[in-house]
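Please find below a briefing on a single protein chain, arranged by topic for use alongside the sequence and the model.

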Amino acid sequence: MSGFFVAVEGPDGAGKTTLAGAIAARIRAGGHEVVEVREPGGTPAAELARRGAFSPEMDASVVSE
């Protein structure tokens with residue numbers, strides 16, 4: 001099996017999701033399969049943690065986030 005993993009990192013609001021979508025679209029246009037993932041995410045428990053972590057009610061500081 002061959003392939004590669006691309007990680008896009010940066011602060012909140014930097015455009016990571018937009019960039020990752022554009023990269024995925026470009027790779028798909030080349031006829032390749034793309035699996036997009038995010039962290040935390042991908043499983044029901046991780047999605048629940050993600051909703052909690054990004055909830056405005058949590059009022060998390062930058063350090064704790």
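**Salt bridges, surface and pocket**

A salt bridge joins Arg28 to Glu36, with 3.2 Å between the closest N and O atoms; the term requires a side-chain nitrogen of Lys or Arg within 4 Å of a carboxyl oxygen of Asp or Glu. The model is predicted, so local features need pLDDT of at least 70 and side-chain atom pairs count only at pLDDT 80 or more, while totals for chains, interfaces and linings use all residues. Residues are numbered from 1 along each chain as its sequence is written, and side-chain values use heavy atoms, with hydrogens and water left out.

**Charged pairs**

- The count of salt bridges comes to 2.
- Arg38 forms a salt bridge with Glu47, and the closest N and O atoms are 2.5 Å apart.
- Arg28 counts as partly exposed because its relative accessibility is 39%; buried means under 20% relative accessible area, exposed over 50%, and partly exposed in between (1.4 Å probe, protein chains only).
- Glu36, at 47% relative accessibility, also counts as partly exposed, as does Arg38 at 44%.

**Fold and surface**

- The chain has 2 helices and 0 strands, taken as DSSP runs numbered from the N terminus (helices H or I, at least four residues; strands E, at least two).
- Of the 65 residues of the chain, 6% count as buried.
- The accessible surface of the chain is about 5,800 Å², and 59% of that area belongs to carbon and sulfur atoms; areas come from the Shrake-Rupley method with a 1.4 Å probe, and for residues only the protein chains shown count as cover.
- Ala24 lies in helix α1 and counts as buried because its relative accessibility is 4%.
- Val35 is placed in the loop between α1 and α2 and counts as exposed because its relative accessibility is 63%.
- Ala24 and Val35 are separated by 11 residues in sequence and by 8.3 Å in space, C-alpha to C-alpha.
- Phe5, Val35 and Val37 make a nonpolar surface patch of about 380 Å²; patches consist of residues with over 30% relative accessible area and no salt bridge, with like charges joined within 9 Å and nonpolar side chains (Val, Leu, Ile, Met, Phe, Trp, Tyr) within 5 Å.

**Largest pocket**

- The largest pocket holds about 1,300 Å³ of space; on a 1 Å grid over the protein atoms alone, a pocket is an open set of points where a 1.4 Å probe fits, with protein on both sides within 12 Å along at least five of seven lines, and lining residues have an atom within 4 Å of a point.
- Its lining comprises 31 residues, of which Val6, Ala7, Val8, Val37 and Arg38 lie nearest the centre.
- Helices α1 (16–29) and α2 (44–53) each supply at least two lining residues, and the largest share, 6 residues, comes from α1.

Key: Grid points are joined across faces, edges and corners, and a volume is the space filled by probe spheres set on the points.
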